Each structure stands twice: as C-alpha cells, then as structure tokens.
Amino acid sequence: MTKLNQGLGVFLGVLLTTASWAALAADTAQMKKDVATWVDGNTKTLEAVNRKIWTYAEVGLEEHKSSKELQDLLKANGFTVKAGVAGMPTAFMATYGEGGPVIGILAEFDALLGVSQSDSPSPKVGANPESGHACGHSIFGVASTGAAIAVKQLIASGAIKGTIKLYGTPAEETGIGKVYMLRDGMFKNDDVILHWHAGDKNEVGYKSSKALINAKFHFKGVAAHASAAPASGRSALDAVELMSVGVQYMREHIKQEARIHSVITKGGGQPNVVPQEAEAWYYVRANSFDDAFSYYNWVREIAESAAKMTKTELDAVTVQSESHDMLGNRPLAEALHKNFAAMGMPQWTQAEMAFANTTQREFKDPFGSDFTKAGISLSTKLEPLVDKFDNTATASTDVGDISWFVPVGGFQVASVGYGLPMHSWPVVAATGTSIGTKALVTASKVLAATAIDLYTDAALVAAAKADFKKVREPLTWHTAIPDGQKAPLGVR
Ligand SMILES: [Zn+2]
C-alpha cells in the first residue's frame, strides 16, 4: 500500500509558493480562506518535508537533519532563525514580524526508539530499524512550520500586525526540549502559544496531562571475580534490582492514576564480573506535579535504602527533566474548536480508509482488542468540546510546563486508525503516508486560522490571559531540576 505515497511530488526547493493575498483588508474570514488556499497550494512541499523527517526518524537531541529541514524552510521564507538555543543543538526559535501580539507555535520532530515501521499497513521493519515516528512528531513539526509561514505572509502583506514565532522543540518524548527552553527564558513573554498533536480523533483539548519526573539513579559497587572472589565484590546491579522490588511494593500505596516505569540503562559488563556500575532510569507520573514530586522522593528513598542493603553507593541521582500537568485555557479551546469546525475534517479516500482498517486488524494487543468494532477506520467527525476541564490524563507532555507561564491552546487531528494507541507501529505507518499529509494540512489550517483570530481580536487575547490568571493564580510552581542545570546532551 505504498500507493498512498504515489502522489508525492519531487521536492525541488524549500521556498514555498506565495499566494496572492486577497485579504489586504482586515477581513478575517477572507484571511482564513487565504491561508487555507495557501496550505492546499503548498501541500506537496509540506508532504515532502514530512516524508524526509519521517524517514530520518531521529530520536531526541539527535534530530539534526530533521531540525535543519524545518529551519531551512523557515529561513527561505523570511524568518530569522536562532539555532542551538537553550544549550540544545537541535532546538531553535524562528521569528518574523515585530511588536504584539506575539503568537508562538510549537513544533516537535523527535522519533521513538524501538518502534521501527515502514509505510506498510502490516507490521514491517522500516528503513530505520532503530526508531520510528510512533508519536507522529514528523507531521507535528511540519504542520506547525507551514502554519507559521502562512501567518508570516499575512504579516508581510500588511493584513495583520504582530510577531509570529515558531519554536523547534526537541526531545519531547523525554520531556526535555521545552523544559530547558523555558528555563532559558523562552515562551514567557509571548501572548499565546498554540500546538497540536497526531491522534485517532479530531478533538480540541480542554484537558490535563500527567505530571512527570524523569530521573536516573546511578549506583557504584566494587568489581571482583564473581566466582573466585565474590566476597570482595559489591554488586551495583543488586541495588538496581532491589530498588525495583521496593518500587513494586510502593505501588500498592500510591494513588491509582499514578504511573511508575523504568528501564535499566547500565547493568554490568559480563556475568563473571561483579557489576561495579549500574543505573536505572525512572519516569514517575501522577495527575498533579505535587503528587509526582512526593512519589519521586519516595522512589529516591527506596534507592538510598537499596544502596544500604547491598553495601553499594547511590553516587548520583539526576533529574533529567520533568513535565508539569497541563493547565487548560477555555477561550483558546473555544477558538480552536470554532476554527477546526470551519476548516473541516480531513477527507479520506477509500484507499486510506482501507489502509487504516488493515492496521486496526493487524495491530495485536495482549487482550485481543477489536479495533474495528466501532466501525470507524479513520475519524471524520469533530469531537464535541467538553464543558468541564478533563483531568483524567494518561500521557505527559512538556507543553504542560509552558501552560504554567502562558495561555496555551492545543488540539489533535485524526492521523491513525480509530482507537489505536500512540507509540505503536500503526502510527509510524499512517503518518508516513497521505493520511499523515491530510492530518498535517488540516492542522496547519486550524493553527493559522486561530492565529488570525488572535492577531485581529484583542478581546480574545485578553480573555485567554484572564482565564490563564484565574487558573494559575492559586497554584505554586516548583521544580525538581536543580538551579543552573544544563540540558542533557543525549536522552540515554
Ligand atoms: Zn507526542
């Protein structure tokens, strides 16, 4: 079914076609039509850039080629690009325009380790056997970049006034990029931040995300011959294992919605040497940052105790990053919902629906779930905007941290078979095909249209700020990352 890519045009250059902007008058309806026409007219270029980033499938903080693709596109279209911001070589900030309002759009582009997949609707290792875009961040980055360039053209034509910023935010999957960019002073002076995400539904988010603390625990023991002189050795791996046992017992006594998961990043060299060094990497999550922080401190005490039990040393605990729970913004959610409805849902072909249906049938989960039972291969409807803020989040994002400082609005566009989970091979497959292209085109239009409202309607910006103030004021910000800590150089 690589047929879905047959329409992919040859990518000849980075400069996008300029539309003949009809909207020199401040007519927002016409401006929205213009950006939609512009996005449609540049679909081939956006699709080609997505396909490249999707193929690179670079993981967090190694997204050199992916980041460059977006930067090149922005530079060729008149943006000033500051690369390597906040100490991360792949992070960047692109700016166009001057004065207010300042609207920021987020772009992500990191892939996930261990989820390789081709653009086949059946499980099949892709060109990059190590990693894949199983969270759809290739389309995320490209759609946001397209939206920023569309908005830029309205600023350049004089139809709207203000500044558009596109943030290239690396390593979202480890919650690193935006957190260190924020610590470096970015986002905080913007009026509004917009973002979007791939998903199985068309839906505007008025919901939270889980708070997360991402930490590594490093133990030091004494190496010795494991058979000839075990009494002379002290195993750092034993400490990692006992820490894990302690955490399993802890689970019974924490709130049900909390999540703790780990991997062993260092476990020794070979069996006949007592491991001198071992390291476990933990994600501790809860529905509020305060809960996540208290569980993290408990996990840390378990690590200290495991070191005591094994006569080893817990010689380093590094909080690599953290994500705060997402705060909602009602006026932005309503504006996004209205624009999403007006721009329309992706329209799927029979071939695209058949592709998604195959992935639903071929994706096997341990419960034998039937992903076709809702009778929807790809969603074609916009989910209603929930009335009440939904705090039953399951996933985390470093967008959450920004939402504690600036009004943030976001949404998801259907880009994978209905009901299928993220971080799975069907997401990689779909986002590398025309399904991903249609999702990114839709997202680009919704982002640009909402930005137009924000540039032209001061009352909307004021309402977003007032709502932000109301939600944020009772809360106290704190962080588990030590003062002055620099961004890590790699995710593992
Ligand atoms: Zn994601």
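**Helix geometry, fold and domain arrangement of the predicted model**

Helix 12, which covers residues 434-456, comprises 23 residues and extends 33 Å from its first C-alpha to its last, close to the 33 Å expected at 1.5 Å a residue, where the expected span is 1.5 Å times one less than the number of residues. Helices (H or I, at least four residues) and strands (E, at least two) are DSSP runs numbered from the N terminus. This helix is mostly covered, with 21 of its 23 residues buried; a residue counts as buried if 20 or more other C-beta atoms, placed from the backbone, lie within 10 Å of its own, as exposed if 12 or fewer do, and as partly exposed in between.

The structure is a predicted model, in which local features need pLDDT of at least 70 and side-chain atom pairs count only at pLDDT 80 or more, whereas totals for chains, interfaces and linings use all residues. Residues are numbered from 1 along each chain as its sequence is written. The pLDDT, the predictor's confidence in each residue on a scale from 0 to 100, averages 94 over the protein chain, and 95% of the residues score at least 70. Over residues 1-13, however, pLDDT stays under 50, and the model has 21 contacts beyond four places in sequence for this segment, a contact being a pair of residues whose C-beta atoms, placed from the backbone, lie within 7 Å. Where pLDDT is low, the predicted coordinates should not be read in detail.

The protein chain contains 13 helices and 13 strands. Its radius of gyration is 23 Å, close to the 23 Å that the globule rule gives for 492 residues, so the chain is as compact as a globular protein of that length; the radius is taken over C-alpha atoms, and the rule is 2.2 Å times the number of residues to the power 0.38. Along the principal axes, the C-alpha atoms fill a box of roughly 80 × 50 × 40 Å. Of the 492 residues, 54% count as buried, and residues 24 or more positions apart account for 82% of the contacts with a separation of 6 or more.

The domain assignment, of automatic or database origin, gives domain 1 (2-209 + 325-472) and domain 2 (211-323). The C-alpha centres of domain 1 and domain 2 lie 36 Å apart, and their contact takes 13 residues from domain 1 and eleven residues from domain 2. On the side of domain 1 that touches domain 2, three residues are nonpolar, seven polar and three charged, with Ala, Val, Leu, Ile, Met, Phe, Trp, Tyr, Cys and Pro counted as nonpolar, Asp, Glu, Lys and Arg as charged, and the others, Gly among them, as polar.

Helix 2 (residues 43-56) has 14 residues, which at 1.5 Å a residue should span 20 Å, in agreement with the 20 Å between its end C-alpha atoms. Its buried residues, among them Leu-46, Ile-53 and Trp-54, pack against helix 3 (64-76), helix 4 (137-156), helix 11 and helix 12. Helix 2 is followed by Ala-57, whose phi is positive, near 45 degrees.

Further backbone features occur in loops. Ala-86, with a positive phi near 55 degrees, lies in the loop between strand 1 (80-83) and strand 2 and is buried, with 22 other C-beta atoms within 10 Å. His-423, with a positive phi of about 60 degrees, lies between strand 13 (408-414) and helix 11 (425-431) and is partly exposed, with 15 other C-beta atoms within 10 Å. The peptide bond from Gly-100 to Pro-101 is cis, with omega near -5 degrees, and Pro-101 is found in the loop between strand 2 (92-97) and strand 3 (102-107).

Methods. Two residues are in contact if their C-beta atoms, placed from the backbone, lie within 7 Å.
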